[in-house]
Each structure stands twice: as structure tokens, then as C-alpha cells.
Amino acid sequence: MSSLLKVENVHTHIGQYHILQGVSFEAKAGEVSVLLGRNGAGKTTTLKTIMGLTPATSGAITFEDEAITKNPTHRIASNGIGYVPEDQGIFGALTVEENLKVAMRKDDDSAKERQEYVLNLFPDLKKYWKKDGGHLSGGQKQMLSMARAFVNESKLLLIDEPSKGLAPVVIEKVMEAINEMKKQTTIILVEQNFIMASRIGDTYTLIDDGETVQSGQMSDLVQNEELKRKYLGIG
Ligand SMILES: Nc1ncnc2c1ncn2[C@@H]1O[C@H](COP(=O)(O)OP(=O)(O)O)[C@@H](O)[C@H]1O
Ligand SMILES: [Mg+2]
């Protein structure tokens with residue numbers, strides 16, 4: 001499979017801080033690539049750097065064989081990269097319906113079909129259509145956040161820690177939804193829950209102290225007790 005997104009030796013500074021210090025990995029079309037690493041390793045910053053929110057200070061990011069390293073965020077988004085941020089980024093004072101409406105970039109028949117598809121994927125959202133985003137449960141907020149990104153056709157979706165703070169049964173539902181989204185879109189997933197990450201991921205990239213330390217097939221990482229212990233504190 002060909003590489004949809006390539007991140008090569010990316011460095012990112014935030015203010016005076018040198019946060020990313022050599023992040024490299026590839027996301028192949030049709031796959032789920034999982035970014036793993038301890039708290040504070042630089043996973044969120046990696047996603048923000050891809051989106052141009054904390055732009056790379058050196059290195060290269062290539063999307064569909066085109067350099068996007070210096071592009072502004074709105075162009076990166078309209079090129080087809082969707083983003084589900086860690087803090088979910090939904091509007092608490094808007095209803096579920098309104099949250100989806102303001103996210104939608106198109107309003108033609110295909111967009112309506114897509115909205116139907118997304119609501120079938122997240123039936124709770126249909127049920128709470130008129131409820132304010134702020135009054136949803138944690139799991140429903142996560143579903144709405146993913147639906148907001150998925151309601152637009154993206155070639156690549158970046159999803160940051162979707163299981164964070166959710167109960168196990170809810171995590172299961174979120175992961176099922178991501179598995180379904182995977183049939184339509186390439187995904188880069190940041191996931192701290194290793195069991196979930198290993199079930200859903202095709203490949204992994206381990207990030208430590210702002211740097212890629214290892215990438216490979218998820219099935220290999222599952223069996224690599226040393227890597228898991230050293231960088232994820234598992235086992
Ligand atoms: N706006 C910021 N200002 C200063 N330091 C930051 C900022 N954002 C993130 N950092 C630091 O960058 C490092 C990586 O953070 P982050 O990418 O959020 O890690 P992760 O998502 O892997 O937990 C952390 O040490 C964090 O404290
Ligand atoms: Mg993070």
C-alpha cells in the first residue's frame with residue numbers, strides 16, 4: 001500500500017520549548033496507524049503539527065505526495081485531513097444537530113447522505129438530536145466529536161485519545177465506531193489504552209521525549225515485551 005501521509009524528521013518549537021525533536025512515520029492508505037508513548041511524549045503535538053496548528057520548524061510533512069509542512073491549517077483541512085482533538089472540541093451551548101451543521105462544509109445531496117450514514121453509525125446522536133452538547137455524557141461527546149469530523153469526507157482522520165476518561169463499555173462502542181470509520185478513511189490514532197490500540201491498529205509508532213524511537217507492524221509490538229515495558233510501562 002502507498003503512503004498517504006509521510007512525516008519526516010519533524011521538529012516543532014512551542015515558544016522557547018523544543019517539543020518535537022525528530023518525529024518520523026508514515027500512514028498508509030486504508031490503515032490505522034497508532035501513535036503510542038508516555039504522557040507528555042509529544043503525541044498531541046504531532047497531530048497539531050500535521051494540522052499546522054503548531055507548525056513544524058524543520059523537517060517535512062507530505063500528504064498525497066505534496067509538501068504541506070508550511071500550509072495554513074484551513075488549507076490542510078480542506079485538502080482532506082480531519083481532526084478530532086483530545087478535548088473533543090464540541091460546542092456545549094449548541095444542540096447535537098447544530099454541532100453537526102456548523103461542522104459540515106457542504107450542503108448537497110451527498111452531504112445529506114453522509115449525515116444519514118454518520119447518524120446510523122452513532123445512533124445516540126439521533127436520539128439526542130435536540131440536546132445541548134454540554135449535557136451529553138462523556139461517551140456521547142466523544143461520538144459527537146468524531147461525527148463532526150466524519151460528516152465531511154476526509155481522506156485522513158487524526159483522532160486524539162478517544163477513549164480518555166470513558167468507561168470500558170463506552171470505550172468498546174467508540175472503538176467499534178472507529179473500526180467502521182476505517183472502512184472509509186485512513187486513520188492516525190493516538191491511544192493510551194494499549195489493548196484497544198493493539199486491536200484496532202495496523203501499524204504503530206512509538207514516540208518518546210518528542211522523538212520517534214520505533215515504528216512497525218502492531219502485531220510485532222504486541223509480542224515485544226521489552227519495547228512495551230521500556231516505552232509504555234506495560235508488563
Ligand atoms: N503550549 C505548550 N507550551 C509549552 N509546552 C507544551 C505546550 N504544549 C505541550 N507542551 C509540552 O510538550 C510536551 C508534549 O506534549 P503533548 O504533545 O501534549 O504530549 P502527549 O500528547 O504525548 O501527552 C509535554 O512536555 C508538554 O508539557
Ligand atoms: Mg496528548
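Below are legends for a few close-up views of this predicted model.

The model is a prediction, so local features need pLDDT of at least 70 and side-chain atom pairs count only at pLDDT 80 or more, while totals for chains, interfaces and linings use all residues. Residues are numbered from 1 along each chain as its sequence is written, chains are lettered from A and ligands numbered from 1 in the order in which they are written, and side-chain values use heavy atoms, with hydrogens and water left out.

**View 1. The shell around ligand 1.**
Here's who sits around ligand 1: Ile-14, Tyr-17, Ile-19, Arg-38, Asn-39, Gly-40, Ala-41, Gly-42, Lys-43, Thr-44 and Thr-45, where a residue gets in if one of its heavy atoms lies within 4 Å. By class, that makes 4 nonpolar, 5 polar and 2 charged residues; Ala, Val, Leu, Ile, Met, Phe, Trp, Tyr, Cys and Pro count as nonpolar, Asp, Glu, Lys and Arg as charged, and the others, Gly among them, as polar. Strand 2 (17-28) and helix 1 (43-50) each put in at least two residues, and helix 1 gives the most, with 3 residues. Helices (H or I, at least four residues) and strands (E, at least two) are DSSP runs, numbered from the N terminus.

**View 2. Polar contacts to oxygen atoms of ligand 1.**
A polar contact here is a pair of N or O atoms within 3.5 Å. Thr-44 uses a polar side-chain atom, 2.8 Å from a ligand 1 oxygen. Gly-42 brings a polar backbone atom to 2.9 Å from an oxygen of ligand 1, and for Ala-41 a backbone N or O atom lies 3.2 Å from a ligand 1 oxygen. On its own, ligand 1 has 570 Å² of accessible area, and the protein covers 59% of that (Shrake-Rupley method, 1.4 Å probe).

**View 3. Asn-71 in its loop.**
Look for Asn-71 in the loop between strand 5 (66-67) and helix 2 (73-78). Asn-71 counts as buried because its relative accessible area is 12% (buried means under 20%, exposed over 50%, partly exposed in between; 1.4 Å probe, protein chains only). Skipping neighbours within four places in sequence, Asn-71 is in contact with Gly-52, Ile-76 and Asn-79, contact being heavy atoms within 4.5 Å.

Most residues other than glycine have a negative phi. Asn-9, in strand 1 (residues 3-14), has a positive phi of about 45 degrees, and it is partly exposed at 46% relative accessible area. Glu-64 sits in the loop between strand 4 (58-63) and strand 5. Its phi is positive too, about 50 degrees, and Glu-64 is partly exposed, with a relative accessible area of 39%.

Technical notes. A polar contact is a pair of N or O atoms within 3.5 Å; within protein, one must be able to donate a hydrogen and the other to accept it, and residues adjacent in sequence count only if both atoms are side-chain atoms.
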